Amino acid sequence: MNNQLLIKEKLQAKLEKIQANSNGSPVTDLQLDKTLVEEIEQLTTELESVNPNLYPLVNATFLLEGAWQLQYSTAREIRSLVSLPLGLKLGKVYQVIDVANKLFFNLAKVKHPLGLVLGYVKVTASFEPAKEDLEPLPNKRINVYFDKRYLSIEKLFGINTPKLNPFKIVPANNPNGRIATLDITYLDETLRIGRGGDGSLFILSKSNDLTNLIS
């Protein structure tokens, strides 16, 4: 087994362990002890150093296409979703990428443990490769432009609620005074690692739920 696969297996085993009781929702660093957070960061950094696709925006865009499920993150926006009001719980979080049109959306499932409410929050966005001054071609960074935020209730007490799906659409927030960026620091057929412009970490796995997410 080569070094890349060995590191990847170690990282995935660590992620599977911490997600054992998460019901598919992403785990954040605030939910873990410091030692475990450091172990995940170390394995992530090691895996990034053996990235098989150093120029994903040039020669591996086909790997970006489709649905990805968020497994772990240190981002502020994901941390905030973990603590929802009214007893609501965060479910699975996805990112669906349309490479040809340079579009994507983030979708976070939300539910009440007693089944009272089932819904989601969706944020749409566009992106473009960010060409660095000293780079002849786009490297690994994309500029992100958030568009709209959709708040939706799919079911109340188990009953479909099409009139509430969505019940609110508002402009999505973009950072003040700067363009949001994301560096794709590792990419293969089943795993993607990204670093936000603020240093936040995102680890995602390829998902087969694309049909359900865009219907």
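Guide: Start with a term. Contact means heavy atoms within 4.5 Å. The model is predicted.

Visitor: Which residues does Gly115 touch, not counting residues up to four places away in sequence?

Guide: Phe157 and Gly158. Gly115 and Gly158 are 43 residues apart in sequence, yet their C-alpha atoms are 6.9 Å apart in space. Gly115 itself lies in the loop between strand 4 and strand 5.

Visitor: Why is Gly115 called partly exposed?

Guide: Its relative accessible area is 41%. Buried means under 20% and exposed means over 50%, so a value in between is partly exposed.

Visitor: What makes Phe104 and Phe127 an aromatic pair?

Guide: A pair of aromatic rings is described by the distance of the centres and the angle of the planes. For Phe104 and Phe127 the centres are 6.2 Å apart. The cut-off is 6.5 Å, so the two rings pair. A search of the whole structure finds one aromatic pair.

Visitor: Why is the pair of Phe104 and Phe127 called tilted?

Guide: The planes make an angle of 40°. Stacked needs under 30 degrees and edge-to-face over 60, so this pair is tilted.

Visitor: What does the pair tie together?

Guide: Phe104 lies in strand 4 (residues 103-111) and Phe127 in strand 5 (residues 117-129), so the pair ties together parts that are 23 residues apart in sequence.

Visitor: How do you know whether Phe104 and Phe127 are buried or exposed?

Guide: Compare each value with the 20% limit. Phe104 has a relative accessible area of 8%, so Phe104 is buried. Phe127 has 12%, so Phe127 is buried too.

Visitor: What makes Lys122 count as lying over the face of Phe105?

Guide: Lys122 is 5.1 Å from the ring centre of Phe105.

Visitor: What is known of the largest pocket?

Guide: Its volume is about 1100 Å³. Of the 41 residues that line the largest pocket, the closest to its centre are Glu77, Ile78, Asn106, Phe146 and Phe202. Elements that give two or more residues to the lining include strand 4, strand 5 and strand 6 (141-156). Helix 5 gives the largest share, five residues.

Visitor: How do the lining residues of the largest pocket divide?

Guide: Into 24 nonpolar, ten polar and seven charged.

Technical notes. Residues are numbered from 1 along each chain as its sequence is written. This is a predicted model: local features need pLDDT of at least 70, side-chain atom pairs count only at pLDDT 80 or more; totals for chains, interfaces and linings use all residues. Side-chain values use heavy atoms; hydrogens and water are left out. Rings of Phe, Tyr and Trp (its six-membered ring) pair if their centres lie within 6.5 Å; planes under 30 degrees apart count as stacked, over 60 as edge-to-face and the rest as tilted. Helices (H or I, at least four residues) and strands (E, at least two) are DSSP runs, numbered from the N terminus. Buried means under 20% relative accessible area, exposed over 50%, partly exposed in between (1.4 Å probe, protein chains only). A charge sits over a ring if NZ of Lys or CZ of Arg is within 6 Å of the ring centre and within 35 degrees of the ring normal. On a 1 Å grid over the protein atoms alone, a cavity is a set of points where a 1.4 Å probe fits but cannot get out, and a pocket is an open set with protein on both sides within 12 Å along at least five of seven lines; lining residues have an atom within 4 Å of a point. Grid points are joined across faces, edges and corners, and a volume is the space filled by probe spheres set on the points. Ala, Val, Leu, Ile, Met, Phe, Trp, Tyr, Cys and Pro count as nonpolar, Asp, Glu, Lys and Arg as charged, and the others, Gly among them, as polar.
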